[in-house]
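Here is a briefing on one protein chain. Look at the structure first, then read the points below by topic.

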Amino acid sequence: MVEIKPRMSYKDMKKIIIFIYGFGGSPIDYKPLISSLNKNETYDCYAFEYKDRFGTISLKRLARDFDSFTKRINKENKKLYLIGMSQGGLIASYWLEFLEG
């Protein structure tokens with residue numbers, strides 16, 4: 001007997017891209033790019049927003065907040081593509097290395 005698998009929908013194949021801005025930046029920095037990519041049926045793009053208050057919140061705390069954010073938007077446990085600028089790259093790196101992202 002041959003098993004016939006259902007076709008994957010576009011939603012199942014979409015790639016999740018998360019932008020993480022740097023120190024002093026904001027999600028608005030990525031708004032034009034995110035808007036453009038989200039028009040394409042291949043991507044679901046997000047910007048992680050955090051309240052840093054000029055270095056008063058630890059990197060560990062920011063990475064934990066990022067972990068909560070990723071779990072909220074990625075319930076299907078898809079592969080994530082991360083784009084971090086400056087401090088955003090540090091948050092992503094800490095999340096990957098110490099929080100098993």
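Contact means heavy atoms within 4.5 Å. With that rule, and leaving aside neighbours within four places in sequence, F66 is in contact with I18, I20, F48, L82, I91 and W95. This is a predicted model: local features need pLDDT of at least 70, side-chain atom pairs count only at pLDDT 80 or more, and totals for chains, interfaces and linings use all residues. Residues are numbered from 1 along each chain as its sequence is written, and side-chain values use heavy atoms, with hydrogens and water left out.

**Overall layout**

- The protein chain has 4 helices and 3 strands.
- Helices (H or I, at least four residues) and strands (E, at least two) are DSSP runs, numbered from the N terminus.
- Starting at the N terminus, the order of elements is α-β-α-β-α-β-α.
- The protein chain has 101 residues, and 29% of them count as buried.
- Buried means under 20% relative accessible area, exposed means over 50%, and partly exposed lies in between (1.4 Å probe, protein chains only).
- Take the contacts in the protein chain with a separation of 6 or more: 72% of them come from residues 24 or more positions apart.
- About 7,400 Å² of the protein chain is accessible surface, and carbon and sulfur atoms hold 55% of that.
- Accessible areas come from the Shrake-Rupley method with a 1.4 Å probe; for residues, only the protein chains shown count as cover.

**The nonpolar core**

- In soluble globular proteins, nonpolar side chains tend to be buried together.
- A nonpolar core is a set of buried Ala, Val, Leu, Ile, Met, Phe, Trp, Tyr and Cys residues joined through side-chain atoms within 4.5 Å.
- The largest nonpolar core here has 21 residues, and I18, I20, F48, Y50 and F66 touch the most other members.
- β1 (15-20), β2 (43-48), α3 and α4 are the elements that give two or more residues to this core.

**Two packed helices**

- Two packed helices are described by the angle between their axes and the distance between the axes.
- Helix α3 (residues 59-73) packs on helix α4 (residues 87-98) at an angle of about 75 degrees, and their axes are 9 Å apart.
- That angle makes α3 roughly perpendicular to α4.
- Angles under 35 degrees count as roughly parallel, over 145 as roughly antiparallel, 65 to 115 as roughly perpendicular and the rest as oblique.
- Axes are lines fitted to C-alpha atoms, for helices over the stretch in contact, and angles run from 0 to 180 degrees between N-to-C directions.
- On the α3 side, L59, K60, L62, A63, F66, D67 and T70 take part; on the α4 side, they meet Q87, L90, I91, Y94 and W95.
- The residues of this contact divide into 8 nonpolar, 2 polar and 2 charged.
- Ala, Val, Leu, Ile, Met, Phe, Trp, Tyr, Cys and Pro count as nonpolar, Asp, Glu, Lys and Arg as charged, and the others, Gly among them, as polar.

**Loop residues and their partners**

- Y30 lies in the loop between β1 and α2 (31-38).
- Y30 counts as buried, because its relative accessibility is 12%.
- Y30 is in contact with F19, I20, Y21, I83 and M85.
- From Y30 to I20 is 10 residues in sequence and 8.9 Å in space, C-alpha to C-alpha.
- E49 sits in the loop between β2 and α3, and E49 touches Y21 and P27.
- E49 and F66 are 17 residues apart along the chain, and their C-alpha atoms are separated by 8.7 Å.
- I57 also belongs to the loop between β2 and α3.
- At 22% relative accessibility, I57 is partly exposed, and I57 is in contact with K51, D52 and L62.
- N74 is in the loop between α3 and β3 (80-84).
- N74 has a relative accessible area of 10%, so N74 is buried.
- I16 and L80 are touched by N74.

**Positive phi without glycine**

- S86 is not a glycine, yet its phi is positive, near 55 degrees.
- S86 lies in the loop between β3 and α4, and S86 counts as exposed at 53% relative accessibility.
- E100, also not a glycine, has a positive phi of about 55 degrees.
- E100 is in the segment after α4, and with a relative accessible area of 74%, E100 is exposed.
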